[in-house]
Amino acid sequence: MSKSVMHEPRVEAAPAGAQSGVRAIAGLLRRNGRRIALLFAGMLLPLWIFAELADEVHELEQFVFDDPILLRAHAFAGPGLDHFFLLVSRIGYEGVAVIDLLIVVSVLAMRRWREATFAAVAFVGSALLNLGAKQFFQRHRPTLWESISPEGTFSFPSGHAMGSMTLAATVVLLAWPTRARWPMIALMVAFTWLVGYSRIYLGVHFPSDILAGWMAGAAWVVAAYLALFHRVLHPWQERGGQPPQR
């Protein structure tokens, strides 16, 4: 009799422990669902797409969508669009560099040290990664027609696309806690698309270069965000670096 009594608490403890574990996991997922979604949609998925594109480029394979998109864009060429997309392309390089610097200086002036560090790491790291990737893959630029804005560097991934996406993702993440996040998302989507399309219109990048630049820029910015904002890496950790009291 005493033996069966001794075993009764163990029989009841197992389901209780399992339920407690399920509740704890559900609570973690509920509290950190947005961060997990950011990790997947903002870093892992773009990295996978970039890896697929990079593998094909490394093996000197051709993408079936590159030439048709280039030729269709060129079919709309005209003096007015030429001037417009030359301006967009210039903004997508020189303008982005100036805006990057202004953002870092502005955030520093507000004494938001972590945000300023995040922005600086995102912008500088993206530029360095792009230079390294171009030298590694050494993909030549399209030659379907003579461009009105020829380039002498390698093509993959697009520096304009990567730089504009880096700026866009950084601005959106900085603005996310504010009411400006949705207008910023709309503005940055339009901006990155225009910059990317300008490079296709001018015939200096394959569409796959643009897509790779977008994916690499997004993945790098999210990686920098997750690394520099500790509560994303360690959501169970309270302010001051101490674990929460049980």
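These legends describe an overview and several close-up views of a predicted model.

The model is predicted, with local features needing pLDDT of at least 70 and side-chain atom pairs counted only at pLDDT 80 or more, while totals for chains, interfaces and linings use all residues. Residues are numbered from 1 along each chain as its sequence is written, and side-chain values use heavy atoms, with hydrogens and water left out.

**Figure 1. Overview of the protein, with 8 helices and 0 strands.** Helices (H or I, at least four residues) and strands (E, at least two) are DSSP runs, numbered from the N terminus. Read from the N terminus, the order of elements is α-α-α-α-α-α-α-α. The protein has 246 residues, and 38% of them are buried. Buried means under 20% relative accessible area, exposed means over 50%, and partly exposed lies in between (1.4 Å probe, protein chains only). Accessible areas come from the Shrake-Rupley method with a 1.4 Å probe; for residues, only the protein chains shown count as cover. Among contacts with a separation of 6 or more, 77% are between residues 24 or more positions apart. Contact means heavy atoms within 4.5 Å.

**Figure 2. The largest nonpolar core, with 22 residues.** A nonpolar core is a set of buried Ala, Val, Leu, Ile, Met, Phe, Trp, Tyr and Cys residues joined through side-chain atoms within 4.5 Å. Which residues touch the most other members of this core? They are Phe-50, Phe-137, Phe-156 and Trp-214. At least two core residues come from each of α1, α2 (66-75), α4 (113-137), α5 (159-175) and α7 (207-228). With 6 residues, α7 gives the most. Not counting residues up to four places away in sequence, Trp-214 touches Ala-161, Ser-164, Met-165, Thr-192, Trp-193 and Gly-196. There is also a second, separate core of 15 residues, and its members include Ala-116, Phe-123, Leu-167 and Met-188.

**Figure 3. Buried and exposed residues of helix α2.** Asp-66, Leu-70 and Ala-73 are the buried residues shown here. These three are on the same side of α2 because they cover an arc of only 65° around the axis. The arc is that of the directions from the helix axis to the C-beta atoms. Arg-72 and Ala-75 are exposed on the other side of α2. The cover over the buried residues of α2 includes α6 (181-201) and α7.

Figure 4. Asn-130 is in helix α4. Is Asn-130 buried or exposed? Asn-130 counts as buried because its relative accessibility is 7%. Pro-157 belongs to the loop between α4 and α5.

**Figure 5. Val-171 in helix α5.** Val-171 has 14% relative accessibility and therefore counts as buried. Leaving out residues up to four places away in sequence, Val-171 touches Ile-103, Met-184 and Met-188. Asp-100 is 71 residues from Val-171 in sequence, and the C-alpha to C-alpha distance between them is 9.6 Å.

**Figure 6. Leu-60 and Gln-138, two residues with positive phi.** Leu-60 lies in the loop between α1 and α2. The phi of Leu-60 is near 60°, a positive value in a residue other than glycine. Leu-60 is exposed, as its relative accessible area is 71%. Gln-138 lies in the loop between α4 and α5, and its phi is near 50°. With a relative accessible area of 42%, Gln-138 is partly exposed.

**Figure 7. A nonpolar patch on the surface.** The patch is formed by Leu-39, Phe-40, Leu-44, Leu-45 and Trp-48, which together have about 490 Å² of accessible area. In patches, like charges are joined within 9 Å and nonpolar side chains (Val, Leu, Ile, Met, Phe, Trp, Tyr) within 5 Å. Leu-39 is located in helix α1 (residues 2-58). Leu-39 is partly exposed because its relative accessible area is 31%.

Technical notes. Patches are made of residues with over 30% relative accessible area and no salt bridge: like charges are joined within 9 Å, nonpolar side chains (Val, Leu, Ile, Met, Phe, Trp, Tyr) within 5 Å. A salt bridge is a side-chain nitrogen of Lys or Arg within 4 Å of a carboxyl oxygen of Asp or Glu.
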